Amino acid sequence: MEKGLTHFSFKETLHTVLDAAYSVFCHIIFDWAVHGLLVAAVLVIASLILASRHHRLSRPFMAIARRLAIFSAIVAAPGLFTLATTGALPAVGVYNINSIGYICFWSLICAHALGEETNYQLVVKAEENPEELSLENVSSEDLSGAPALAEVKKL
């Protein structure tokens, strides 16, 4: 028999696995969530700019930013607690952070979510409340085809 099989300690193995899970969740997932908060901040700024121009896409941008910020804050809480109590995040071994990868990941998630939220707010909700599609509420910058849809509904 091999020597490694005779000296197996379940307690040590379980401790190593739990320590690795703690390190991953409190460091890597914390970094992931912090980048999510940064992308949410960019979405809030974009929403505020769109709102100042009275554009209809400001509400979907703000809705997705709110959801992303809440989700990221909840996921970042254990890492933030660890950072506050111990003064540092746990070591994770060989871990090289790549901010571009995290930002691209969150951008892809937000692009999909913005499409879904825009479809919901501008089509589904508009069918429930047709007065929102009146020509007075459509800005000159809106190229989504809502005026043509309002004209069709009037006929």
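Predicted model: local features only at pLDDT ≥ 70, side-chain atom pairs only at ≥ 80, totals over all residues.

Tutor: A residue is called buried under 20% relative accessible area, exposed over 50%, and partly exposed in between. Glu117, at 6%, counts as buried. The side chains of these two residues, Arg67 and Glu117, form a salt bridge, with 2.9 Å from N to O. A search of the whole structure finds one salt bridge. Arg67 belongs to helix α3 and Glu117 to helix α4, so the pair ties together parts that are 50 residues apart in sequence.

The two helices pack at an angle of about 135 degrees, and the axes of α3 and α4 are 9 Å apart. α3 and α4 are therefore oblique to each other, and α3 passes α4 in a right-handed crossing. On the α3 side, the contact includes Arg59, Phe61, Ile64, Arg67 and Leu68. On the α4 side, Trp106, Cys110, Leu114 and Glu117 are among the residues that take part.

Some of these names return in the largest nonpolar core, which has 17 residues; Leu43, Leu68 and Cys110 touch the most other members. Helices α2, α3 and α4 each supply at least two residues of this core, and the largest share, seven residues, comes from α2. Leaving out residues up to four places away in sequence, Leu43 touches Phe61, Ile64, Ala65, Cys110 and Leu114.

Note on methods
Residues numbered from 1 in each chain as written. Heavy atoms only, no water. Core = buried A, V, L, I, M, F, W, Y, C linked by side-chain atoms within 4.5 Å. Buried < 20%, exposed > 50% of the residue type's maximum accessible area, 1.4 Å probe, protein only. Helix = DSSP H or I, 4+ residues; strand = E, 2+ residues; numbered from the N terminus. Contact = heavy atoms within 4.5 Å. Salt bridge = Lys/Arg side-chain N within 4 Å of Asp/Glu carboxyl O. Axes fitted to C-alpha atoms, helices over the stretch in contact; angles between N-to-C directions. Parallel < 35°, antiparallel > 145°, perpendicular 65-115°, else oblique. Left-handed = near helix turned anticlockwise from the far one by under 90°.
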